[in-house]
Amino acid sequence: MRRMNFKDYLSISLLNVLALILMLLPFKGNANDWGKIGHRVIGEIAEENLSDSALTEVMYLLNGESMATASTWADEMRSNPDFRPYDAWHYVNLPLDKEYNEIKHNPKGDVIQTINKCIEILKDSTSNKQTKTFYLKYLIHTVGDLHQPLHTGRYSDYGGSKIKLQFMGRKASNKTTNLHVLWDSDMIDDYKMGYKDFANHLMRTQQENFQQGNAEVWANESHTLVKDIYANINEGDKIGYDYIYTNFPTVKLRLYQAGIRLAGILNEIYL
(Lines give C-alpha, C1' and ligand atoms only; values in the text may rest on other atoms or scores of the structure.)
Protein backbone atom coordinates (compact mmCIF):
# COMPACT_ATOMS: atom_id res chain seq x y z
CA MET A 1 0.00 0.00 0.00
CA ARG A 2 1.37 3.42 -1.05
CA ARG A 3 2.05 5.91 1.72
CA MET A 4 0.30 9.23 1.40
CA ASN A 5 2.66 12.10 0.70
CA PHE A 6 2.26 15.76 1.52
CA LYS A 7 0.25 16.45 -1.65
CA ASP A 8 -2.21 13.71 -0.74
CA TYR A 9 -2.74 15.18 2.72
CA LEU A 10 -3.13 18.66 1.23
CA SER A 11 -5.75 17.45 -1.26
CA ILE A 12 -7.75 15.72 1.46
CA SER A 13 -7.55 18.79 3.70
CA LEU A 14 -8.77 21.06 0.91
CA LEU A 15 -11.66 18.72 0.19
CA ASN A 16 -12.62 18.71 3.85
CA VAL A 17 -12.53 22.51 3.99
CA LEU A 18 -14.66 22.72 0.85
CA ALA A 19 -17.18 20.26 2.27
CA LEU A 20 -17.39 22.30 5.48
CA ILE A 21 -17.96 25.51 3.53
CA LEU A 22 -20.74 23.89 1.50
CA MET A 23 -22.40 22.63 4.68
CA LEU A 24 -22.35 26.13 6.16
CA LEU A 25 -23.77 27.86 3.11
CA PRO A 26 -27.47 28.68 3.45
CA PHE A 27 -29.78 26.63 1.26
CA LYS A 28 -31.52 28.66 -1.41
CA GLY A 29 -34.60 26.99 -2.88
CA ASN A 30 -36.36 27.91 -6.10
CA ALA A 31 -38.96 29.93 -4.27
CA ASN A 32 -38.14 32.10 -1.27
CA ASP A 33 -40.80 33.43 1.07
CA TRP A 34 -40.67 36.43 3.40
CA GLY A 35 -37.27 35.42 4.80
CA LYS A 36 -36.77 34.58 8.47
CA ILE A 37 -37.85 37.96 9.84
CA GLY A 38 -41.10 38.08 7.89
CA HIS A 39 -42.15 34.57 8.82
CA ARG A 40 -41.23 35.10 12.45
CA VAL A 41 -43.22 38.33 12.59
CA ILE A 42 -46.25 36.37 11.37
CA GLY A 43 -45.68 33.60 13.91
CA GLU A 44 -45.27 36.09 16.75
CA ILE A 45 -48.46 37.97 15.85
CA ALA A 46 -50.39 34.71 15.57
CA GLU A 47 -49.19 33.40 18.93
CA GLU A 48 -50.05 36.68 20.66
CA ASN A 49 -53.62 36.40 19.34
CA LEU A 50 -54.35 32.76 20.22
CA SER A 51 -57.08 31.81 22.66
CA ASP A 52 -55.96 30.00 25.80
CA SER A 53 -57.16 26.65 24.49
CA ALA A 54 -55.48 27.12 21.11
CA LEU A 55 -52.22 28.24 22.73
CA THR A 56 -52.21 25.17 24.99
CA GLU A 57 -52.68 22.80 22.05
CA VAL A 58 -50.16 24.58 19.82
CA MET A 59 -47.49 24.56 22.53
CA TYR A 60 -48.16 20.84 23.08
CA LEU A 61 -47.71 20.05 19.37
CA LEU A 62 -44.61 22.25 19.08
CA ASN A 63 -43.11 20.86 22.31
CA GLY A 64 -42.88 24.35 23.74
CA GLU A 65 -41.24 25.94 20.69
CA SER A 66 -42.61 29.35 19.78
CA MET A 67 -44.63 29.80 16.61
CA ALA A 68 -42.10 32.41 15.54
CA THR A 69 -39.17 29.99 15.49
CA ALA A 70 -41.31 27.14 14.12
CA SER A 71 -42.39 29.38 11.23
CA THR A 72 -39.14 28.89 9.29
CA TRP A 73 -38.89 25.11 9.71
CA ALA A 74 -40.53 24.34 6.35
CA ASP A 75 -37.88 26.41 4.54
CA GLU A 76 -35.00 25.03 6.58
CA MET A 77 -36.03 21.47 5.71
CA ARG A 78 -35.87 22.18 1.99
CA SER A 79 -32.14 21.39 2.06
CA ASN A 80 -33.15 17.81 2.94
CA PRO A 81 -33.77 15.79 -0.27
CA ASP A 82 -36.57 13.93 1.52
CA PHE A 83 -38.53 17.20 1.56
CA ARG A 84 -38.24 17.96 -2.18
CA PRO A 85 -41.75 16.55 -2.83
CA TYR A 86 -43.10 19.41 -0.70
CA ASP A 87 -41.49 22.23 -2.73
CA ALA A 88 -44.75 22.91 -4.60
CA TRP A 89 -46.54 23.48 -1.28
CA HIS A 90 -45.04 26.97 -0.91
CA TYR A 91 -46.68 28.78 -3.84
CA VAL A 92 -49.22 28.72 -6.65
CA ASN A 93 -48.37 30.07 -10.11
CA LEU A 94 -51.25 32.03 -11.62
CA PRO A 95 -51.44 33.68 -15.05
CA LEU A 96 -52.24 37.36 -14.60
CA ASP A 97 -55.62 36.94 -16.30
CA LYS A 98 -56.70 33.89 -14.28
CA GLU A 99 -57.83 33.24 -10.73
CA TYR A 100 -57.31 30.01 -8.80
CA ASN A 101 -60.69 28.52 -9.67
CA GLU A 102 -59.96 29.01 -13.37
CA ILE A 103 -56.72 27.01 -13.58
CA LYS A 104 -55.81 23.33 -13.53
CA HIS A 105 -54.45 22.59 -10.07
CA ASN A 106 -51.00 21.08 -9.62
CA PRO A 107 -51.31 17.34 -8.76
CA LYS A 108 -48.18 17.77 -6.59
CA GLY A 109 -50.05 20.30 -4.51
CA ASP A 110 -49.85 24.06 -4.07
CA VAL A 111 -50.03 26.51 -1.19
CA ILE A 112 -53.84 26.60 -1.20
CA GLN A 113 -54.24 22.83 -1.23
CA THR A 114 -51.61 22.61 1.51
CA ILE A 115 -53.35 25.04 3.86
CA ASN A 116 -56.64 23.21 3.44
CA LYS A 117 -54.93 19.85 4.05
CA CYS A 118 -53.22 21.16 7.19
CA ILE A 119 -56.54 22.35 8.61
CA GLU A 120 -58.12 18.98 7.80
CA ILE A 121 -55.35 17.05 9.59
CA LEU A 122 -55.37 19.30 12.64
CA LYS A 123 -59.14 18.85 12.98
CA ASP A 124 -58.89 15.06 12.62
CA SER A 125 -59.09 13.43 16.03
CA THR A 126 -57.52 10.23 14.65
CA SER A 127 -54.27 11.93 13.54
CA ASN A 128 -51.34 11.30 15.89
CA LYS A 129 -49.17 13.99 17.46
CA GLN A 130 -46.26 13.55 15.03
CA THR A 131 -48.53 13.99 12.02
CA LYS A 132 -50.28 17.00 13.52
CA THR A 133 -46.96 18.65 14.41
CA PHE A 134 -45.75 18.24 10.82
CA TYR A 135 -48.89 19.83 9.39
CA LEU A 136 -49.04 22.55 12.05
CA LYS A 137 -45.54 23.68 11.09
CA TYR A 138 -46.53 23.75 7.44
CA LEU A 139 -49.71 25.67 8.26
CA ILE A 140 -47.74 28.32 10.18
CA HIS A 141 -45.38 28.66 7.23
CA THR A 142 -47.74 28.48 4.27
CA VAL A 143 -50.31 30.95 5.58
CA GLY A 144 -47.39 33.37 5.56
CA ASP A 145 -46.31 32.28 2.08
CA LEU A 146 -49.74 32.88 0.59
CA HIS A 147 -49.79 36.47 1.84
CA GLN A 148 -46.55 37.25 -0.02
CA PRO A 149 -47.96 38.49 -3.35
CA LEU A 150 -45.19 37.01 -5.52
CA HIS A 151 -46.21 33.54 -4.33
CA THR A 152 -49.10 33.86 -6.76
CA GLY A 153 -46.84 35.19 -9.52
CA ARG A 154 -46.27 33.98 -13.05
CA TYR A 155 -44.66 30.64 -13.79
CA SER A 156 -42.68 32.20 -16.67
CA ASP A 157 -40.51 34.26 -14.30
CA TYR A 158 -40.78 32.00 -11.23
CA GLY A 159 -42.82 34.51 -9.29
CA GLY A 160 -40.52 37.42 -10.13
CA SER A 161 -37.30 35.53 -9.40
CA LYS A 162 -36.04 36.08 -12.96
CA ILE A 163 -36.64 39.84 -12.90
CA LYS A 164 -33.23 41.24 -11.90
CA LEU A 165 -33.07 44.54 -10.04
CA GLN A 166 -30.67 46.80 -8.16
CA PHE A 167 -31.63 47.45 -4.55
CA MET A 168 -30.04 50.57 -3.11
CA GLY A 169 -31.28 50.21 0.44
CA ARG A 170 -31.08 52.63 3.34
CA LYS A 171 -27.40 53.48 2.79
CA ALA A 172 -27.67 53.51 -1.01
CA SER A 173 -25.33 50.53 -1.21
CA ASN A 174 -26.23 48.98 -4.55
CA LYS A 175 -26.75 45.22 -4.64
CA THR A 176 -28.12 42.86 -7.25
CA THR A 177 -31.44 41.29 -6.30
CA ASN A 178 -34.66 40.20 -7.97
CA LEU A 179 -38.31 41.13 -7.65
CA HIS A 180 -39.19 38.09 -5.54
CA VAL A 181 -36.37 38.62 -3.03
CA LEU A 182 -37.13 42.35 -2.92
CA TRP A 183 -40.59 41.55 -1.53
CA ASP A 184 -39.41 38.55 0.52
CA SER A 185 -36.69 40.18 2.51
CA ASP A 186 -34.90 43.23 1.03
CA MET A 187 -37.50 45.78 2.12
CA ILE A 188 -38.02 44.02 5.47
CA ASP A 189 -34.29 43.77 6.20
CA ASP A 190 -33.85 47.43 5.27
CA TYR A 191 -36.40 48.32 7.96
CA LYS A 192 -33.78 47.30 10.56
CA MET A 193 -36.18 45.92 13.16
CA GLY A 194 -36.09 42.54 14.92
CA TYR A 195 -39.10 40.28 14.51
CA LYS A 196 -40.48 40.78 18.05
CA ASP A 197 -40.30 44.56 17.84
CA PHE A 198 -41.68 44.49 14.31
CA ALA A 199 -44.61 42.26 15.36
CA ASN A 200 -45.39 44.52 18.33
CA HIS A 201 -45.18 47.57 16.07
CA LEU A 202 -47.70 46.06 13.65
CA MET A 203 -50.08 45.03 16.42
CA ARG A 204 -49.99 48.61 17.75
CA THR A 205 -50.30 50.45 14.44
CA GLN A 206 -52.31 48.37 11.95
CA GLN A 207 -55.90 49.63 11.89
CA GLU A 208 -57.19 48.16 8.62
CA ASN A 209 -60.36 46.09 8.79
CA PHE A 210 -60.26 42.86 6.80
CA GLN A 211 -62.17 39.61 6.56
CA GLN A 212 -60.80 36.32 7.85
CA GLY A 213 -61.62 34.55 4.60
CA ASN A 214 -59.90 31.35 3.47
CA ALA A 215 -56.89 30.26 1.44
CA GLU A 216 -58.53 30.91 -1.93
CA VAL A 217 -59.64 34.39 -0.85
CA TRP A 218 -56.10 35.19 0.32
CA ALA A 219 -54.69 33.92 -2.97
CA ASN A 220 -57.01 36.23 -4.89
CA GLU A 221 -55.93 39.15 -2.70
CA SER A 222 -52.26 38.39 -3.37
CA HIS A 223 -52.96 37.98 -7.06
CA THR A 224 -54.63 41.39 -7.26
CA LEU A 225 -51.57 42.90 -5.61
CA VAL A 226 -49.10 41.03 -7.81
CA LYS A 227 -50.67 42.42 -10.98
CA ASP A 228 -49.89 45.92 -9.75
CA ILE A 229 -46.38 44.88 -8.65
CA TYR A 230 -45.58 43.52 -12.12
CA ALA A 231 -47.07 46.58 -13.82
CA ASN A 232 -44.78 48.96 -11.92
CA ILE A 233 -41.40 47.29 -12.38
CA ASN A 234 -38.97 46.71 -15.22
CA GLU A 235 -35.93 44.49 -15.56
CA GLY A 236 -32.83 46.28 -14.24
CA ASP A 237 -34.71 48.98 -12.29
CA LYS A 238 -32.88 50.63 -9.41
CA ILE A 239 -35.03 50.33 -6.31
CA GLY A 240 -34.71 53.27 -3.98
CA TYR A 241 -36.60 55.02 -1.20
CA ASP A 242 -39.52 56.02 -3.42
CA TYR A 243 -40.34 52.38 -4.18
CA ILE A 244 -40.01 51.39 -0.51
CA TYR A 245 -42.18 54.34 0.60
CA THR A 246 -44.91 53.31 -1.85
CA ASN A 247 -44.83 49.55 -1.29
CA PHE A 248 -43.69 48.85 2.27
CA PRO A 249 -47.14 49.62 3.73
CA THR A 250 -48.43 46.67 1.67
CA VAL A 251 -45.67 44.44 3.05
CA LYS A 252 -46.61 45.42 6.60
CA LEU A 253 -50.33 44.89 5.99
CA ARG A 254 -49.79 41.42 4.49
CA LEU A 255 -47.57 40.35 7.41
CA TYR A 256 -50.18 41.53 9.88
CA GLN A 257 -53.07 39.93 8.00
CA ALA A 258 -51.20 36.62 7.82
CA GLY A 259 -50.56 36.60 11.57
CA ILE A 260 -54.13 37.49 12.55
CA ARG A 261 -55.63 35.04 10.07
CA LEU A 262 -53.33 32.23 11.19
CA ALA A 263 -54.47 32.84 14.76
CA GLY A 264 -58.07 32.81 13.52
CA ILE A 265 -57.62 29.38 11.93
CA LEU A 266 -56.13 27.89 15.07
CA ASN A 267 -58.68 29.50 17.36
CA GLU A 268 -61.45 28.00 15.24
CA ILE A 269 -59.84 24.54 15.29
CA TYR A 270 -59.22 24.55 19.05
CA LEU A 271 -62.40 26.13 20.40
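A salt bridge here is a side-chain nitrogen of Lys or Arg within 4 Å of a carboxyl oxygen of Asp or Glu. Keep that in mind as we walk through this predicted model, where the count by this rule comes to eleven salt bridges.

Let's start with Glu221 and Arg254, whose side chains meet in a salt bridge with an N to O distance of 2.7 Å. Glu221 sits in helix H10 (residues 215-231) and Arg254 in helix H11, so the pair ties together parts that are 33 residues apart in sequence.

Now follow helix H11 (residues 241-269) to its packing with helix H6 (residues 111-123), where the axes lie 10 Å apart at an angle of about 30°. The two helices are therefore roughly parallel to each other, and their crossing is right-handed. On the H6 side, Ile119, Leu122 and Lys123 meet Ile265, Leu266, Glu268 and Ile269 of H11. These contact residues divide into five nonpolar, no polar and two charged.

Lys123 and Glu268 also form a salt bridge, with the closest N and O atoms 3.4 Å apart. This pair links distant parts of the chain, 145 residues apart. Lys123 is partly exposed at 48% relative accessibility, and Glu268 is partly exposed at 42%.

Elsewhere, Arg154 bridges to Asp157, the closest N and O atoms being 2.7 Å apart. Here Asp157 is buried at 6% relative accessibility, whereas Arg154 is partly exposed at 27%. Finally, have a look at Asp75, Arg78 and Asp87, which are joined in a network of salt bridges.

Key:
Residues are numbered from 1 along each chain as its sequence is written. This is a predicted model: local features need pLDDT of at least 70, side-chain atom pairs count only at pLDDT 80 or more; totals for chains, interfaces and linings use all residues. Side-chain values use heavy atoms; hydrogens and water are left out. Axes are lines fitted to C-alpha atoms, for helices over the stretch in contact, and angles run from 0 to 180 degrees between N-to-C directions. Helices (H or I, at least four residues) and strands (E, at least two) are DSSP runs, numbered from the N terminus. Angles under 35 degrees count as roughly parallel, over 145 as roughly antiparallel, 65 to 115 as roughly perpendicular and the rest as oblique. A crossing is left-handed if the near helix is turned anticlockwise from the far one by less than a right angle, and right-handed if clockwise. Contact means heavy atoms within 4.5 Å. Ala, Val, Leu, Ile, Met, Phe, Trp, Tyr, Cys and Pro count as nonpolar, Asp, Glu, Lys and Arg as charged, and the others, Gly among them, as polar. Buried means under 20% relative accessible area, exposed over 50%, partly exposed in between (1.4 Å probe, protein chains only).
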